[in-house]
Amino acid sequence: SHGNKEVFSCRGILLAVQWFWDRGHKDITVFVPSWRKEQPRPDVLITDQHILRDLEKKKILVFTPSRRVGGKRVVCYDDRFIVKLAHESDGIVVSNDTYRDLQNERPEWKKFIEERLLMYSFVNDKY
């Protein structure tokens, strides 16, 4: 949301990570689809891509799998990665997604998502 739905702002990810890091949270995992590493297209703008590589080197960011089949990109359902890790590590999920579909998939996830989903917003560069 940092890019106002006009661009995918990697700086927004860094600001969120920094906000939690500054408050003593060191076990942070960011999931990003691997196609965000590719050269951006005019219709899918991305800014500050180097931030993704830097966070990956620091073992904070994990790229979720994707592949090309017949010229089309096939991506995994990364919401499942997010909720599964947070549930298994007794963490929280920071997202504006409500994960409604996953709440119905596993009963233990429903309560977890209801209690451990932290929604957020940006005001310019303030997280």
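User: Which domains does the domain assignment of the protein give?

Analyst: Domain bounds here come from an automatic or database domain assignment, and that assignment gives domain 1 (1-65) and domain 2 (76-120). This is a predicted model, in which local features need pLDDT of at least 70 and side-chain atom pairs count only at pLDDT 80 or more, while totals for chains, interfaces and linings use all residues. Residues are numbered from 1 along each chain as its sequence is written, and side-chain values use heavy atoms, with hydrogens and water left out.

User: What area is buried between domain 1 and domain 2?

Analyst: Buried area is the accessible area (1.4 Å probe) that two parts lose on being put together, summed over both. Between domain 1 and domain 2 it is about 680 Å², with carbon and sulfur atoms giving 74%. F20, F31 and P65 supply 60% of the area that domain 1 buries against domain 2, more than any other three residues.

User: Where does the largest pocket lie?

Analyst: Rolling a probe the size of a water molecule over the atoms shows where empty space is left. A pocket is an open set of points on a 1 Å grid over the protein atoms alone, where a 1.4 Å probe fits, with protein on both sides within 12 Å along at least five of seven lines; lining residues have an atom within 4 Å of a point. The largest pocket lies between domain 1 (1-65) and domain 2 (76-120), because both give residues to its lining. That lining has 40 residues, with V30, F31, V94, S95 and Y120 nearest the pocket centre.
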